[in-house]
Amino acid sequence: MKVLITGGEGFIGSSVAKELTKLDYQITSIDKRNRDNYVNKSIDIQYEKIDITNYEAIKEQVKSAEGIIHLAAVSRVIWGEIFPEECIDVNIKGTSNIIEAAKKSSKKPWFILGSSREVYGETNGEPISENYPSNPINTYGISKHAAELLVMQYSKQNKTNSVSLRFSNVYGDLTDILDRVTPKFIMNALLDKPLNIQGGNQIMDFTHISDTTDGIIKAINMLQSLEENSYYNDLNLLPGESNSLYDLIEYIRPNIENDIKTTITEGRNYDVERFVGNPSKAEEILGFKCKIKFKEGVKKTIQLYKNELKNNKEKLLKKFEDDKKCELP
Ligand SMILES: NC(=O)c1ccc[n+]([C@@H]2O[C@H](COP(=O)([O-])OP(=O)(O)OC[C@H]3O[C@@H](n4cnc5c(N)ncnc54)[C@H](O)[C@@H]3O)[C@@H](O)[C@H]2O)c1
């Protein structure tokens, strides 16, 4: 089966591409950046350097796909605030481009959107189910909400099967953007630098990349097995485990030799303070359940980063410095 992954050079896209090639899928990855990450060079996929905001460039790739996993995006809340036009352009117009090309395809590809818990906005701290109202508080969340609506409309009008998967604080590989909180805290702790806590009261639902990847593959299986051909659903793909930044620090502490130093600065007004999701709908529909608890995932990730610092220190430090610049890929 031919599957198109947009954003296939990214953190989640490269992990999914790697797993799908083991299952005999033919993968085409489209991404606007070069093939320079830690994973993809070693796996057998077709790579096209394409910007999804360019409709003419993507339509040929979409034409041959039997399924689409759409992950290309301005993928961080902070980027959406610094680069709102690009965020709207890529996450909404880019999604619309892929969908318009898919509508014209005789293959009627199934569609998976990489969405986000940011569509909910601020919550009451209780586990949030998919029927909780969408009330995003930042540009990124608004763009993902709009992208979900486009995908829902695509399914209904074009009689195709689709799902929006709401990811939450994914972590756990070297291909991550190292400026995100989990890898940033781990890297700084390993390098004996202070960990800067912005705000401090945030509650988050952290997901290990292997669980996210497993959930995406389960979603593919579900979409392929459906008889119905105008199915749409939105699903939280997360563990439903509540952790604070202080918990993260406590999970890091026993796995490193240095004493951890912390600084505290003011929180950002575009960050959601408290979010924990309810994963029971994904469990019911996909048979999905996260296997890795955050404490264990942090330990595994520290080991991975420690090994890389031992074997490929310069490469990892360069990526850390590059990711800190907070520039769009
Ligand atoms: N990582 C998380 O914690 C998380 C949480 C919620 C949602 N998501 C969503 O999951 C998806 C994947 O996230 P990720 O962590 O792998 O992000 P990532 O930034 O590592 O990967 C996104 C990829 O999209 C590519 N891209 C960006 N703009 C593009 C464009 N105009 N044309 C073509 N390619 C473009 C980037 O080059 C990058 O390789 C994104 O849609 C993101 O919004 C991620």
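Predicted model: local features only at pLDDT ≥ 70, side-chain atom pairs only at ≥ 80, totals over all residues.
Reader: What makes up the contact, and how many residues come from domain 1 and from domain 2?

Author: Domain 1 contributes 26 residues and domain 2 contributes 18 residues. On the side of domain 1 that touches domain 2, helix 1 (11–22), helix 3 (77–82) and helix 7 (209–225) each supply at least two residues. By class, that side of domain 1 has 9 nonpolar, 11 polar and 6 charged residues.

Reader: Which residues meet where helix 8 and helix 10 touch?

Author: Leu248, Tyr251 and Ile252 in helix 8 meet Phe294, Lys295, Val298 and Ile302 in helix 10. By class, this contact has 6 nonpolar, no polar and 1 charged residues.

Reader: What makes Asp24 count as exposed?

Author: Asp24 has 7 C-beta neighbours inside 10 Å. The cut-off for an exposed residue is 12 or fewer, so Asp24 counts as exposed. Asp24 is found in the loop between helix 1 and strand 2 (26–31). Its phi is near 70°, a positive value in a residue other than glycine.

Reader: Why does Lys159 count as exposed?

Author: Lys159 has 12 C-beta neighbours inside 10 Å. Because the definition reads 12 or fewer, Lys159 counts as exposed. This residue lies in the loop between helix 5 (139–158) and strand 6 (162–167). The phi of Lys159 is near 55°, again a positive value in a residue other than glycine.

Reader: Why is Lys193 called partly exposed?

Author: Lys193 has 14 C-beta neighbours inside 10 Å. A buried residue needs 20 or more and an exposed one 12 or fewer; Lys193 falls in between, and so counts as partly exposed. Lys193 is found in the loop between helix 6 (181–190) and strand 8 (195–198).

Reader: How far apart are Lys193 and Asn236 in sequence and in space?

Author: Lys193 and Asn236 are 43 residues apart in sequence and 34 Å apart in space, C-alpha to C-alpha.

Conventions
Residues numbered from 1 in each chain as written. Contact = placed C-beta atoms within 7 Å. Helix = DSSP H or I, 4+ residues; strand = E, 2+ residues; numbered from the N terminus. Nonpolar A, V, L, I, M, F, W, Y, C, P; charged D, E, K, R; others polar.
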